[in-house]
Amino acid sequence: MFKKVYTQQYPYDFYPTAPRYHGRHVLNRHPDGLEKCVGCELCAWACPADAIYVEGGDNTDTERYSPGERYGAIYQINYLRCIFCGLCIEACPTRSLTMSNEYELALDNRQELIYTKEQLMAPLLPGMEAPPHPMRLGDDEKDYYTIEVQAPMQQGEPQSTANVAGKPLTGHAIEVGRHGGRG
């Protein structure tokens, strides 16, 4: 009560968020660039606010977007409805969906707050190839979900370089919960 009040000078000074802050969603990729999303729609079913829309598509031998049989052909998150609870993250069986520390989601146009798959996808890092392309990490989709293959994609790597407003991000993607007891 007797401390001097300090006012943060936002938007001129950006202050880091808490490490487990639930911000904007990110759709992750495998180390070869294929999408982790398999279009199962479990995130949409788990969302209490009905903010996620997923429509799965089938991979073919000529066009492969994910290592599984299916991929998320259409993926949208409506941030006008999203309550940032993280239940979609917990429901994702492939750890495709994570949340970044980005919190600047205020825009003038309501239509721009419906993020599409292209806006949600993690950027291609060096050594990744843009899908569609054949599987590069093994002959079977099970090869993509072993710990050895996932080692290059460690938690904490920056997921994107700029938000919608074009300002650089200081946050990193977080992984909420651990499935299967792996360490």
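Buried means under 20% relative accessible area, exposed means over 50%, and partly exposed covers what lies in between, with a 1.4 Å probe and protein chains only. R136 shows how this works: its relative accessible area is 45%, so R136 is partly exposed.

The structure above is a predicted model, in which local features need pLDDT of at least 70 and side-chain atom pairs count only at pLDDT 80 or more, while totals for chains, interfaces and linings use all residues. Residues are numbered from 1 along each chain as its sequence is written, and side-chain values use heavy atoms, with hydrogens and water left out.

**Overall layout**

Helices (H or I, at least four residues) and strands (E, at least two) are DSSP runs, numbered from the N terminus. The protein has 4 helices and 5 strands, and along the sequence they follow the pattern β-α-β-β-α-β-β-α-α. Of its 183 residues, 40% count as buried. The accessible surface (Shrake-Rupley method, 1.4 Å probe; for residues, only the protein chains shown count as cover) comes to about 11100 Å², and 54% of that belongs to carbon and sulfur atoms.

With contact meaning heavy atoms within 4.5 Å, residues 24 or more positions apart account for 74% of the contacts with a separation of 6 or more. L125 is found in the loop between α3 and α4 and is partly exposed, with a relative accessible area of 34%.

**Salt bridges**

Side chains of opposite charge can pair when their charged atoms come close. A salt bridge here is a side-chain nitrogen of Lys or Arg within 4 Å of a carboxyl oxygen of Asp or Glu, and the count comes to 5 salt bridges. The table includes some of them.

| Pair | N to O distance |
|---|---|
| R24 and E102 | 2.7 Å |
| D50 and R81 | 3.8 Å |
| E129 and R136 | 2.7 Å |

R24 and E102 meet in a salt bridge. R24 lies in the segment before β1 (25–27) and E102 in the loop between β4 (97–99) and β5 (114–115), so this pair ties together parts that are 78 residues apart in sequence. Both R24 and E102 are buried.

The side chains of D50 and R81 also form a salt bridge. This pair links distant parts of the chain, 31 residues apart: D50 is in the loop between α1 (42–46) and β2 (52–58), and R81 is in the loop between β3 (70–78) and α2 (87–91). D50 is exposed at 51% relative accessible area, whereas R81 is partly exposed at 42%. In the E129 and R136 pair, E129 is partly exposed, with a relative accessible area of 33%.

**Surface patches**

Patches are made of residues with over 30% relative accessible area and no salt bridge; like charges are joined within 9 Å, and nonpolar side chains (Val, Leu, Ile, Met, Phe, Trp, Tyr) within 5 Å. Lys and Arg count as positive and Asp and Glu as negative, while His and the chain ends are not counted. The place of a charge is NZ of Lys, CZ of Arg, CG of Asp or CD of Glu.

A patch of negative charge gathers E69, D139, D140 and E141 on the surface. D140 lies in the loop between α3 (117–120) and α4 (147–150) and is partly exposed, at 37% relative accessibility.

Y10, F14, Y21 and Y103 make a nonpolar surface patch of about 360 Å². Y103 sits in the loop between β4 and β5, and its 31% relative accessibility makes Y103 partly exposed.
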